[in-house]
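This report walks through one protein chain. Look at the sequence and the fold before reading on.

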Amino acid sequence: MSDNASNPAEPVWTVVQQAAADDGLHLLRLLDVGVNFPFRNYPERFSILWEFTELDAEGLPSAAELTRMKDFENALCAVMQADHAALLVMVFTEPAHREFIWLARNKSAFTNRLNTAESLGAKLPITLDHETDTQGDFYLSYATKVVERLKPAAG
């Protein structure tokens, strides 16, 4: 992670991709929140799991489904991040689903805003999971692995 303060208006994302032959994680998009990010101010961690419903010949989400996911992400970012109520910090893309990881200030405010964003369109193939994580352990465990993976090999 960098020592720069996070600015949701200008996010810095790191993308890590694995070979398509892997059965697990194919793509991870990780927001660099900076080393001084106040995790205690965002103690509620939400996972929104989008199960792919339209696959192409290679088993990947169809173009239409990719568009719906992007529209959903954009709508949710608009209702969550305008006043810093929540911050999208990770997006996992795996063989059967995409998972959006959010850190939020308040549990009920997040779910109310999610319902508002979801009501903008047709019923979405999503499920919601919640954990309290005041120290940001989940985020930091992935961020540390990504930073380690991206370090040049000692030679």
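The model discussed here is predicted. In it, the side chain of Ser-141 reaches the backbone oxygen of Phe-138 at 2.7 Å. Ser-141 belongs to helix α3, which covers residues 137–150.

## Overall layout

The chain holds 3 helices and 6 strands. Read from the N terminus, the order of elements is β-β-β-α-β-β-α-β-α. Of its 155 residues, 39% count as buried.

Contacts across the sequence are well represented. Among contacts with a separation of 6 or more, 69% join residues 24 or more positions apart.

## Helix α1

Helix α1 spans residues 63–81, 19 residues in total. From first C-alpha to last it reaches 26 Å. That is close to the 27 Å expected at 1.5 Å a residue.

Which residues of α1 are buried? They are Glu-65, Met-69, Phe-72, Glu-73, Ala-75, Leu-76, Cys-77, Met-80 and Gln-81. The list includes the charged residues Glu-65 and Glu-73.

## The nonpolar cores

The largest nonpolar core has 20 residues. Ile-48, Phe-72, Trp-102 and Phe-110 touch the most other members. Several elements give two or more residues each: β3 (44–51), α1, β4 (86–93), β5 (97–104) and α2 (107–118). Helix α1 gives the most, with 5 residues.

Another core lies apart from the largest one. This other core has 17 residues, among them Tyr-42, Met-90, Tyr-139 and Val-146.

## Aromatic pairs

A pair of aromatic rings is described by the distance of the centres and the angle of the planes. How many aromatic pairs does the whole structure contain? The search finds 9. One of them joins Trp-50 and Phe-72, with ring centres 5.7 Å apart and planes at 55 degrees, so the pair is tilted. This pair links distant parts of the chain: Trp-50 is in strand β3 and Phe-72 in helix α1, 22 residues apart. Both partners are buried. Trp-50 has a relative accessibility of 0%, and Phe-72 has a relative accessible area of 4%.

Phe-138 and Tyr-142 form another tilted pair, with centres 5.1 Å apart and planes at 50 degrees. Why are they about one helical turn apart? Because they are 4 residues apart in helix α3. Phe-138 is partly exposed, at 24% relative accessible area. Tyr-142 is also partly exposed, with a value of 24%. Elsewhere, ring pairs link Phe-37, Phe-39, Tyr-42 and Tyr-139 into a cluster.

## Arginines over rings

Arg-29 is placed in strand β2, residues 27–31. It lies over the face of Trp-13, at 4.9 Å from the ring centre. Its side chain also makes a polar contact with the side chain of Glu-73, at 2.9 Å. Glu-73 is one of the buried residues of α1. Beyond its neighbours within four places in sequence, Arg-29 is in contact with Trp-13, Thr-14, Val-15, Glu-73, Val-89, Met-90 and Val-91.

The charged end of Arg-45 sits over the ring of Phe-138, 4.3 Å from its centre. Phe-138 also supplies the backbone oxygen reached by Ser-141.

## A positive phi

Where is His-84? His-84 lies in the loop between α1 and β4. Its phi is near 60 degrees, a positive value in a residue other than glycine. His-84 is partly exposed, because its relative accessible area is 36%.

Terms used. Residues numbered from 1 in each chain as written. Predicted model: local features only at pLDDT ≥ 70, side-chain atom pairs only at ≥ 80, totals over all residues. Heavy atoms only, no water. Expected span 1.5 Å × (residues − 1). Buried < 20%, exposed > 50% of the residue type's maximum accessible area, 1.4 Å probe, protein only. Core = buried A, V, L, I, M, F, W, Y, C linked by side-chain atoms within 4.5 Å. Polar contact = N/O pair within 3.5 Å; in protein donor to acceptor, adjacent residues only side chain to side chain. Phe/Tyr/Trp six-rings, centres within 6.5 Å; stacked < 30°, edge-to-face > 60°. Lys NZ or Arg CZ within 6 Å of the ring centre and 35° of its normal. Contact = heavy atoms within 4.5 Å.
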